[in-house]
Amino acid sequence: MSAVQAVAQPAAVKRRSTFRIRPAKWLLNIVVILIAAFWLMPTIGLAIISLRPEALFQQSGWWTVLTAPSQLTLQNYQTLFSQGLVSGGLLDSLLTSAEITVPSTLLVTIISSLTAYSIAFGRWRGRTLCFFIIIGLMVVPVQVALIPVVQLYRAFGSVTGFNPFGTVIGVIIFHVAFGLPFGIFLMNNFYSGLPRELLEAARIDGAGEWSLFSRIVLPLGLPAAASLAIFQFIWVWNDLLVALVFLGASKHFPLTIFLFDQIRTLAANYWIISTGGMVSILVPLIVFFSFQRYFVRGVLAGAVK
Amino acid sequence: MKHMNNFGLIAAGALAALAVGACGGSGGTGGSSPATTQVGGSATLWAEWTSTEQQDFLASLAPFETQSGVTINYSGKGNNTDTAIASAVAGGAPPDVALVPDPATVQTLASKGSIKPLDSILGNLTSNYGSAWNQLVTSNGKLYGVWFKGANKNTIWYNPAEFNAAGITSPPATWEDLLKDASTLKAAGIAPFSLCTDIGWPMADFWQNVYLKTAGAQAYNALAAHTTKWTDPTVTTAFTTFGQLVGDPTNLAGGVQGSLANNYPECVDKVFPKPGAQPQAAMVFEGDFVTSEITANSSNYTGGTTGAGGAACTTDAAKTPCYNFFDFPAPSADSANKGAVQGAGDVAIMLKDTPQSEALIKYLAGPQGASIWAHLGGFASPNNKVPSSSYPDSVTQADAKALVDATGFVFSLDDLQGTWEKNMWQDMLDFLRNPSSSNITAIQAKMDQEATTGLGH
Amino acid sequence: MIGTDIQPKRAVAPAAKRAKTEGGGGGWRSHLGSLAFLAPGAVWLVAITIYPLVATVRNSLYDASATNFVGLANYKAIFTTATILTTFRNNVIWVVVFPLLVTFVGLVYAVLSERIRWSTAFKTIIFVPIVFSATASALIWRSIFDLDPHIGVVNAAIQTASDWFNPPGLYPIDTSTGQTVAHLASSGVATGSGGNLESTNSVSAGDTVELGLIGISPTTLSTLGAQLAIEPSSSQKDITGLVWRDFSPANPSVRGVVQPDEVGLPGLQLSLLAADGSTAGAATTDAHGDFRFSNVGTGSFRVQIDPHNFQAGFTGTFWLGTQSLTPTSSLNRTEQALFNVPLVDLAMIVAYLWIWAGFAMVVIGAGLAALDRDVLEAARIDGAGEWATFRRVTMPMLSPVLIVVLVTMLINVLKIFDIIINMAPGSSQEEAQTLAVVMYNSGFTGLGNWGLASAIAVILFILVVPAMVSNLSRIRG
């Protein structure tokens, strides 16, 4: 992804600037430092609020911790985590978030790869049309599918006895559907850049489609699959609307609903909100930073044509 | 309302903590409780209560099961009780007895003949309830329900320590007294009210009470059904009266802006803060579910006008803070409406006439079951045979007394407005932002239009 | 989170080309294999995306329970509901302001980061919020914009600045409730011609004067160490007096007389005003509220309680409220619905900008990096100034990238939902709502009106169609 490629761009490569600005370097650096500080401040503020005792929230701002660092305590985390897996609690919501996100990510990555393979290397008519449909689907808002899918689930339930509405599976199915267009697009981009000769050679040797896919294309496509997985993971982890529709009335719901619930009904309990908020952002942060290099390497590899 | 059920849940837990020490002995004393003979068999029972409330309810049914030998199969339906019963009746498989939170459901089912009249079964047990209550569940001259649980939304909560600091020795008895006390509080440098706004429902509750106290229970019900138009002069009077209090921003902590920033329950925290924070106002209006928020803020809070251990009430929540309420006052010209109460409740109806269900209905009409739950906290009953001593403190006693003595009882008007309920809430916020008389006229016209569209008449 | 790739042009063209050059060949077997690979994705998409799209259009023509045909009634309802005007207006505000703002900020950051050595760290800091949910951002920024200066960073900063330039007095009035010094006057004192509290009677040497104030909170009294008021004793050449809190908890309705439990007001700065208005002396009240103007000479004076004693502190701006940025107070309801720009929208835009500026910066940064430097150098050698080069050469070369960012953000913002329901407090919800919020509220809360919600979904879809077409044509071309 060119997006993150630029993030990783080493500063050592000297480029002539687009815009030659006259002001002194030190002024520039100060401005940039101020911007960076302003950008970091909200996250740091949240972290500090979650590390202060509940009673202090309304009395003094979190910035007072700079003069009184002894305020900091882990008691909010301890209280919420020691609740254990009580339904609707922080840990339970964390678990539900994981239950929704991990399978969705895996399914999207796998199915996107399969479909993209078919579009990129298949020889059937209408491939291009399908591809354009997929590009079109990329911008379709989820609102368009919510009600019919609820109806679909209900119909399925009356036929088979299992109604996915109100279950994690129902949410996963929905998320996968809306992750596929972008996933197929991304993987198709990557696959199209692979040298055809490799596949031709293997076909001549008698390899079937499946071994072509699993032994050659898939391993080569891992970097792109990794970047897809990360985007999908973060998108599903952070989703609120789909979860609200399908799990809003359930006993177990993901972190986004946990936070939404807290804000709507008990906004004064900021010790819960900030602690939950920190937990909610720490997971994608860890995913992002751990896979950033792999992610970037994959993107760079995929970008080389 | 969903939020009320949630808070009912928390109320059970919180008040239970308070109540456990206060009551001695087992629940349920004398009164005209019917002699339950051994009946045996079983009965299906539906109600809205789940989780903690379910436990409390089943505890109150325990003596019945022992005395009569009837096994109760209970199912808690939560917010969907009315819908569940309607579909069960339509499907031909209703429970034997059910408790519904909505008297309108009782009327509908009675008119369809889906529930049984109870006059002959109850006999003189019907005198356990005031006429205001029985009237609500009477259809075509026959009684169809017994009230088991009630909630009082006729309450203004105040911080006794702040009242003491302002030299107010007794809470206001009339609306004029309330305004006078507000001035006194302001002279003492204390903000009179912390106004809850949220998405508008606390404002609607407040206004409804003003309407009830100025126009009376009959007019209230007519307005709820939209047989009275919203452009009616009684509605204007209610707005103008309400404006006497909330139209003056010096009466509100933080002024209008500060009030609009108040979601529920932050407004309660401004009067009954957590330890370490100072109260910012002396009074807050909302239903009796407010107590669960107060006790959740700190276990130091004592109900009544003296603090823990008989100490004086302090504004410092870390020491001996108190909470108390007074009945929503009526203007002295409308003192006839003093006893009108707005609230909620759960009424027991009989869907299948069996010996078991008859015995259960008789038990629920008696004070025994109610006393047990009263002891556990988070509960009040309109049954006049439930002894005051069942309630854990003076606040809940007074709360229950207001229910029992109600001369007229009405259910929340906004909940009866169907699809335009949210618009009504928004209109109330509109009023707060601009309480001028021209805006009142505009809002009234708007509300009447919304009512016609939303209710279809 | 759709990150569009600025490389698709190069990527797709070869694939499309290859598709055309390859013949139908391959035989029956590989066709089946290909289609088998296609099947899972195709079935999934048809079932959960394509069929529902059609079903939603159908549902929009049916009633609330999706069982009875009502034709265009839902659409009619949408365009005649008063609150829908507000909704469209908010969507317009978001669509007009946000993409442009975020692109601009991204461009600025991209240009700045080119010039500093630590650009990777900077870019990472700016980019990271993109991994936070809009819910998390909403709750962070909601606290930042909190009304209470003890909680909200913005109001705290303003308060610090305000207190520094205009330090609040010992007895600050509460401007949030509209309190004025006139509310404080109780006995012996009233607002004079200058708007300040003055003694109602004139006094001369040897007189005593008692000024009673109300509306002073018990907290202020204990902070300032107020003692019981002591009646002043007269002194021949001086003017003595007492400023006290004219409120007695024991007798709350009595005013004007110093009760045994009433306290003096310490620390008040007073001025002695001569008949012509000039200041003839100054004094400060002691812990019991007493003061003395010594050797006042002849003439009659008024005692003024200086206004800075009551200087109000900053109590907070309600950033999350519905106060309109545009001057619409004189308009009627419908006009207001169209032209209000509620403050809360601004606050939410800031919160959303915090998430997405990094994306814009990084995409534009890549675009900048890919620019042909020689063209720029050529322009500079030709004598074009920095700004002219930027405007005439750089920007046009950048425009494809800028358009990608604009279109992506536009699609994103049309569906904006999470940030609104989490960040706008209850009383601001209706003024802040957008199409996606109304769709959810009407379809999935309360009784649920599926017909109406589906109609709103169809409108949302129609609104993204231009972006869809633009994407398609860009990738095709």
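1. The contact between chains A and C draws in 91 residues of chain A and 103 residues of chain C, where two residues are in contact if their C-beta atoms, placed from the backbone, lie within 7 Å. On the side of chain A that touches chain C, 58 residues are nonpolar, 26 polar and seven charged. Here Ala, Val, Leu, Ile, Met, Phe, Trp, Tyr, Cys and Pro count as nonpolar, Asp, Glu, Lys and Arg as charged, and the others, Gly among them, as polar.

2. The model is predicted: local features need pLDDT of at least 70, side-chain atom pairs count only at pLDDT 80 or more, and totals for chains, interfaces and linings use all residues. Residues are numbered from 1 along each chain as its sequence is written, while chains are lettered from A and ligands numbered from 1 in the order in which they are written.

3. Between chains A and B, five residues of chain A are in contact with eight residues of chain B. The chain A side of this contact comprises three nonpolar, two polar and no charged residues.

4. Helix H16 of chain B (residues 367-376) is largely enclosed by the rest of the structure, because ten of its ten residues are buried (20 or more other C-beta atoms within 10 Å of the residue's own, C-beta atoms being placed from the backbone). Among them are Trp373(B) and His375(B). Helices (H or I, at least four residues) and strands (E, at least two) are DSSP runs, numbered from the N terminus. Just after H16(B), Gly377(B) has a positive phi of about 95°.

5. Chain B also has an open sheet of five strands, ordered S8-S9-S7-S11-S10, with mixed pairing; two strands pair if DSSP finds at least two bridges between them. Strands S8 (193-194) and S10 (302-303) of chain B are the edge strands, each pairing on one side only. S10(B) runs parallel to S11(B) (residues 322-327), and two bridges join them. Gly303(B) lies opposite Tyr323(B) of S11(B).

Methods:
A residue is buried if 20 or more other C-beta atoms lie within 10 Å of its own, exposed if 12 or fewer, and partly exposed in between; C-beta atoms are placed from the backbone.
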